[in-house]
Structures are given as C-alpha cells and as structure tokens.
Amino acid sequence: MNTYRLYFSPGACSLAVHIALEETGVPFELVAVPIPEGAHLRPEYLEINPKGRVPALAIPGEARVLTELPAIMTLIARHPSRTLNMLPPDPLDEARCNEWIAWLAGWVHGAGFGALWRPGRYAADESLHPAVSAQGKRTIEAAFAQIGRMFADERPYALPYGYSIVDPFLFVLYRWGKLIGLPMDEAYEGWTASARRVLARPAVQRALGREGITFAC
Ligand SMILES: N[C@@H](CCC(=O)N[C@@H](CS)C(=O)NCC(=O)O)C(=O)O
C-alpha cells in the first residue's frame, strides 16, 4: 500500500476526514464500512480496527491504522504534500482549533449523539435507554445553542484563522442536526451561513458525491 486508505461509513463522522483529505490533496483511497449493515463489527474489519468504529486511516509503512478523528484530522492537516493549511500555524490558534475538535468529538459527538443513537453504550439496562437518549438530545440542543451563539457574529468559519479542520466536523454535525429534525436553518442563522459556505466548496461536493449523499441547507 503506498497511499492513505480511509475506512468510512457514508455520512458518519468519517465524512469530516474524507473532506479534509479532498481539501488537502493528500492522495487516498476509500474503503466503505457501512455501519447500517454492521460492517464495522465484522471480524475482517475488527482485525483492522479492533475498536469497531470509523474513521480509521491506514498509513503507508504503518502496521496499525490510526483511529480517533482528532488525531487523524491533525495528521492530514500536517501532511507535507498538503495544498491547503487546515491547521493554524500560530500555537495559540492551533490550541483554539484543538479546543473545538476535542469538544466536538468528546462532548457533542460522544455524549450527545452517542447517547442519543447508542444509549446501550451508557446503560446496559434497556429500560433506561429512552432516558439516556433523551439526555443525549438535550446535550446536543444545548451544545448547538452554544455553537449558534459563536456564529452569531457572522464569522465565515469557526476560527478567526479561516477554514480549518474544525469546519468539516461542524458540517457533519450540522447535517446530523437536520437528520434528527432540529430546525437548523431557523434556529442557527450564522451557523447555517457557514455550513452553506462549507457545502459550496468543491472538495466537500466531491466527498458528498463519493459517499452518495445528497444534502442541501
Ligand atoms: N472517538 C471516535 C468515535 C468514532 C465513532 O464513534 N464513529 C461512529 C460513526 S460516526 C461509529 O463508528 N459508530 C459505530 C457504532 O455506532 O457502532 C472518534 O473520534 O473517531
């Protein structure tokens, strides 16, 4: 293998990595691991990524795939052949970028959507699942309100630096917000304007197309 290989499921958080690969021009190939079909739990995938999750990135010359979205995004953003800088060079700006990514991955994705869609991760007792899911939805709504307030100043992208690895991840979460029926356009005008800006990027269109996703906002 002499190119990166992204293991993804259409529309999952791996879409953010897919977009970053398209944006930076880092050569890669795609391997679909459709979660709705349970492909992420098949022995052949668990041999590649024992965590049974996407994204996973196979790296030329590395025996083990790289997992965890923040780690993968950072590696791509630093790739020597990148044609776009999606990680700010200034240390404080970079820390702000990491601040966003850590919060989105750990809290909004994990505690929010993880609890909503996968309550079994948080409580073995099935009778508690509706309550766990409901709490996940509340976590998402509170986090989205916070994101909405950040974009109320009409900033084009999440960071003052400009387009960064935060934006594709925010875009995925924005899309999920629509999927769970939140009134994204009406409730979060500034965020919606930014999501539209991201959606219009040719790299994003390519990634959506390759994942078979039609999306408008
Ligand atoms: N902490 C991981 C979370 C990855 C994750 O949960 N990915 C989801 C897709 S968005 C997944 O693989 N889900 C499998 C499942 O729900 O069983 C990361 O940041 O990469």
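Modeller: A residue counts as buried if 20 or more other C-beta atoms lie within 10 Å of its own, as exposed if 12 or fewer do, and as partly exposed in between. The structure above is a predicted model.

Colleague: Is E68 buried, exposed or partly exposed?

Modeller: E68 sits in the loop between β4 (66–67) and α3 (69–77). It has 14 C-beta neighbours inside 10 Å, so E68 counts as partly exposed.

Colleague: What is the phi of E68?

Modeller: Most residues other than glycine have a negative phi. E68 is not a glycine, yet its phi is positive, at about 75°.

Colleague: Where is E154 found, and is it buried or exposed?

Modeller: E154, also not a glycine, has a positive phi of about 65°. Its place in the chain is the loop between α5 and α6 (166–179). Inside 10 Å it has 9 C-beta neighbours, so E154 counts as exposed.

Colleague: Which residue does a cis peptide bond join to V54?

Modeller: Most peptide bonds are trans. Here, however, an omega of about 5° belongs to a cis bond.

Colleague: How many residues of the shell around the ligand are charged?

Modeller: The ligand is surrounded by A12, C13, I35, H40, R53, V54, P55, E68, L69, A105 and R118. By class, the shell has seven nonpolar residues and one polar residue, and the number of charged residues is three.

Colleague: At what angle do the axes of α4 and α5 cross?

Modeller: Two packed helices are described by the angle between their axes and the distance between the axes. For α4 (residues 91–117) and α5 (residues 129–150), the axes come within 6 Å. The crossing is left-handed, and its angle is roughly 145°.

Colleague: Which residues of α5 make the contact with α4?

Modeller: On the α4 side, the contact is made by W107, V108, A111, G112, F113, G114, A115 and L116. By class, the contact has nine nonpolar, six polar and one charged residues. From α5 come V132, S133, Q135, G136, K137, T139, I140 and A143.

Colleague: How many helices and strands does the protein chain have, and in what order do they run?

Modeller: The secondary structure comes to nine helices and four strands. From the N terminus on, the order is β-α-β-α-β-β-α-α-α-α-α-α-α.

Colleague: What is the radius of gyration of the protein chain?

Modeller: The C-alpha trace spans about 45 × 45 × 35 Å along its principal axes. For 217 residues the globule rule gives 17 Å, and the chain is close to that value, so it is as compact as a globular protein of that length. The radius of gyration of the chain is 17 Å.

Colleague: What share of the contacts with a separation of 6 or more comes from residues 24 or more positions apart?

Modeller: Of the 217 residues, 34% count as buried. For the contacts, the share from residues 24 or more positions apart is 65%.

Key
Residues are numbered from 1 along each chain as its sequence is written. This is a predicted model: local features need pLDDT of at least 70, side-chain atom pairs count only at pLDDT 80 or more; totals for chains, interfaces and linings use all residues. Axes are lines fitted to C-alpha atoms, for helices over the stretch in contact, and angles run from 0 to 180 degrees between N-to-C directions. Helices (H or I, at least four residues) and strands (E, at least two) are DSSP runs, numbered from the N terminus. A crossing is left-handed if the near helix is turned anticlockwise from the far one by less than a right angle, and right-handed if clockwise. Two residues are in contact if their C-beta atoms, placed from the backbone, lie within 7 Å. Ala, Val, Leu, Ile, Met, Phe, Trp, Tyr, Cys and Pro count as nonpolar, Asp, Glu, Lys and Arg as charged, and the others, Gly among them, as polar. A residue is near a molecule or strand if its C-beta atom, placed from the backbone, lies within 6 Å of it. The radius of gyration is taken over C-alpha atoms; the globule rule is 2.2 Å times the number of residues to the power 0.38.
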